[in-house]
Amino acid sequence: FHAAAGKELPPLPSDLTKPTATVAPQTLAVRPGVGLLDFARSGQPVPSVRPLSFEDLGLDRGLVLYSATAVLPEAETSVGIRDLHDRAYLWVDGAFAGVLDDATSADGVPVTGAGKPVRLEILIENQGRINYGPLLGQGKGILGGVMVGRRYVFHWEQRLVPLEELDEGQLGVLSTAEAAGPAAEGHAIASTGFAAADFELTKAADAYLALPGFGKGFAWVNGFLLGRYWEIGPQITLYIPAPLLRPGDNRIIILELEHLGTELELRDQPELGSGPSAAEAIPSLS
C-alpha cells in the first residue's frame, strides 16, 4: 500500500495482526436492584410553572423525571406531550401507563380518571443529539408542554438523572437487593430498574455483552458506562475491551427502562445484526 505522497507505509506491528484473546462464553444470572422510578425520584426537585428542557436544567445527557399533579376527568382521556424529545415513560399515581416518542406523543397515552387529582410522572430519555443539518442544536426534554385531553398541565418539578456522574460505589449500592427493599427478596426481579451480574476472570480479555430478554437501557462494566442497548437492534452485542476487565471479580450493572431479563451473556464473537436499524424501525429519534 502506498500513501498519496508516493511513500510506502510501514507494516503494522505484529501484535496488532494477531487474533485478540477473548473471554470464554458464559451465561450470568442477574440479581435485582433499585427500581427505575425510585431511582429517578432520588434527585433534588427543580420547580417551574411549565416543564423545563434539558438545556434549561443544564443537563447535556441522561434522563429527567418530570412530575406534576393533574385532575383526570371521569372518562377516558389521554396524556400527551407537545414537542417531545426524545422518549417518555409515563406513570399515573405510581402505576406505569405507557411509552411515548416523537411519533406518538401528540396522540398521547389513554388513561381513565375519577375526577380527582393524580400524580403524573414522566421520565424523559435523551437518545442522542444531531450534529449536522437544520436540526443542529435542537433541545431535549418536554419543549412544548403536557396536556390532559386539551388542557395543559402546569406547576412541575424536574429531577435530573446525570448517569455519567454515577461512580462504581454508587452503582454498587443501586444494584443490591438490600437497596431495592423487600420486593427484591428471593430474586423477585422488578420489571425495570437496576440489575447486576458478577463473574470472575483469571486474565483480562475482550468480551461481547448480549442482553437477551432485556428491552432498552444502559450498561456499566466495573463502573465504566459502556453504552446503550435496545432490543430493536440491529446491534445485539456491546463490545467490552480488555482494559475494562480485570483478573478476579468483575461486575456488570444494567439500568433497564422497559423490561428486565434474567440473564446476561458474555460472548467471544460480536453480533452486529443485519435487520433494519433503529433509525429505520422508528420514524424519527430527533
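Helices (H or I, at least four residues) and strands (E, at least two) are DSSP runs, numbered from the N terminus. The protein has five helices and 19 strands. The model is predicted: local features need pLDDT of at least 70, side-chain atom pairs count only at pLDDT 80 or more, and totals for chains, interfaces and linings use all residues. Residues are numbered from 1 along each chain as its sequence is written, and side-chain values use heavy atoms, with hydrogens and water left out.

**Exercise 1.** Determine what percentage of the residues count as buried.

*Solution.* Buried means under 20% relative accessible area, exposed over 50%, and partly exposed in between (1.4 Å probe, protein chains only). By this criterion, 45% of the 286 residues are buried.

**Exercise 2.** Classify the ring pairs Trp 91 with Phe 96 and Tyr 152 with Phe 154.

*Solution.* Rings of Phe, Tyr and Trp (its six-membered ring) pair if their centres lie within 6.5 Å; planes under 30 degrees apart count as stacked, over 60 as edge-to-face and the rest as tilted. The whole structure holds six aromatic pairs. In one of them, Trp 91 and Phe 96 stand 5.6 Å apart centre to centre with 70 degrees between the planes, so the pair is edge-to-face. Trp 91 is buried at 7% relative accessible area, whereas Phe 96 is partly exposed at 48%. For Tyr 152 and Phe 154 the values are 6.5 Å and 40 degrees, so this pair is tilted. Tyr 152 is partly exposed at 35%, and Phe 154 is partly exposed at 36%.
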